[in-house]
Amino acid sequence: MRPFRPAWWLAGPHLQTLWASLVRRPTLPELRDERLELSDGDFLDIKWLDAGETDAPLVFIFHGLQGSIESPYIGRTLNALKERGLRGLFLHFRSCGGEPNRLARGYHAGETGDIAHVIRTVHEREPETLLGAIGFSLGGNALLKHLGEARGETLISAAVGVSVPYDMLACSGRLDQGFSKIYRDYLLRMIFKAVRQKRALLEEAGVDVDSVVASKTLRELDDRLIVPLHGFDDADDYYVKTSSKPYLREITCPTLLIQSVDDPFLRPSLLPEQEECGPLVERHFFANGGHVGFLEGSIPGITSPYLAGPPMDWLASKLRA
């Protein structure tokens, strides 16, 4: 797979990250909605891309923290799958689809139960279909953790992880430094909005909502929200138990890792070495690219998304081999 060649006029991690998320939002292909009812009384909203033949391979897509179908990288991925004749299934994590979920609990970096349920549901409906998956950021961490947990029992034939926080504890506090605070504050505002919509449910579950929305950092928020809702001892316990890095050795399907060393959300020290990965895991780490950025282009103002190119070719080749 050819390496990423960053646009010369998008130098540095922040221009790559911000341009990719704020400029030229892609037009979404035609999608089909479905709501999956869950045994715990909650639901998951998914969107189907039915491009290609009815028996074409299908790729699951998992978004990052507070992402949604409106996230630009999701639209680019769906369009890239359509161009290659692949079908897609985009999963909104709980409360990310525009409607609050019914339970106090939500999702987090290591929540793999919903991912496993959706994959298993599709496999039961289409037992002969080849299944792939791609996860971005927090969703990438959850996907890789799921693959490691499943080991040889995984139903996924090939996977891609992009801008993954492999070691949650190691990258804790990264967004509290320098210009990266702008991303932290944006994410906090989005989470606070979702928390206020679920105030009654959360307070019934023992969460101090006023304390949550007064959080100044993601660590404070995790301590006040994720920890009590999901049974962790504290934020450190949450970070250690949900990191995907310890699971990389157990992954048994071809898996591509795309990462930039200059990612403003993460730290270079958390990037896994080859010996920490299973033999079918391919690492493609680049000096530049930002967080879910990876934009190429020689003419200022015109970009080509690398993530919709070679990585999608790699995934398609694995699913059509």
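## The sheet and its surroundings

Author: Helices H8 and H9 are roughly perpendicular to each other (a label for 65 to 115 degrees; under 35 is roughly parallel, over 145 roughly antiparallel, and the rest oblique). This is a predicted model, in which local features need pLDDT of at least 70 and side-chain atom pairs count only at pLDDT 80 or more, while totals for chains, interfaces and linings use all residues. Residues are numbered from 1 along each chain as its sequence is written, and side-chain values use heavy atoms, with hydrogens and water left out.

The axes of H8 (residues 218-230) and H9 (residues 235-242) come within 9 Å and cross at roughly 85 degrees. Axes are lines fitted to C-alpha atoms, for helices over the stretch in contact, with angles from 0 to 180 degrees between N-to-C directions. Helices (H or I, at least four residues) and strands (E, at least two) are DSSP runs numbered from the N terminus. On the H8 side, Leu-218, Arg-219, Asp-222, Asp-223, Ile-226 and Val-227 meet Ala-235, Asp-236, Tyr-238 and Tyr-239 of H9, contact meaning heavy atoms within 4.5 Å. The residues of this contact divide into six nonpolar, no polar and four charged (nonpolar: Ala, Val, Leu, Ile, Met, Phe, Trp, Tyr, Cys and Pro; charged: Asp, Glu, Lys and Arg; polar: the others, Gly among them).

The sheet itself is open and has eight strands in the order S1-S2-S4-S3-S5-S6-S7-S8, with mixed pairing; two strands pair if DSSP finds at least two bridges between them. Strand S1 (32-37) and strand S8 (281-286) are the edge strands, each with a single partner, so one side of each has no neighbour in the sheet. From one strand to the next, the twist averages 20 degrees.

S3 (58-62) and S5 (131-136) pair in the parallel sense over five bridges, and Phe-62 has Gly-135 of S5 as its bridge partner. Gly-135 in turn has Gly-161 of S6 as a bridge partner. S6 then pairs with S7 in the parallel sense over four bridges, where Gly-161 stands opposite Leu-257. S7 (residues 255-260) runs parallel to S8, to which six bridges join it; Thr-255 has Val-281 of S8 as its bridge partner.

Helix H4 (residues 138-150) lies across S3, S5, S6 (158-162) and S7, running at about 135 degrees to S5.

S5 is mostly covered, with six of its six residues buried (under 20% relative accessible area; exposed is over 50% and partly exposed lies in between, with a 1.4 Å probe and protein chains only). From S5, Leu-131, Ala-133 and Gly-135 point one way, and Gly-132, Ile-134 and Phe-136 the other way. S6 has five of its five residues buried, so the rest of the structure largely encloses it. Ala-158, Val-160 and Val-162 point to one side of S6, and Ala-159 and Gly-161 to the other. In a regular strand the side chains alternate between the two faces of the sheet.

Arg-151, in the loop between H4 and S6, has a positive phi near 50 degrees. Arg-151 is partly exposed, at a relative accessible area of 41%. Ser-163, in the loop between S6 and helix H5 (181-197), likewise has a positive phi, of about 50 degrees. Ser-163 is buried, at a relative accessible area of 0%.

Leu-202, in helix H6 (residues 199-204), counts as buried at 2% relative accessibility. Leaving aside residues up to four places away in sequence, Leu-202 touches Ala-104, Val-195, Val-207, Val-209, Leu-225 and Leu-229.
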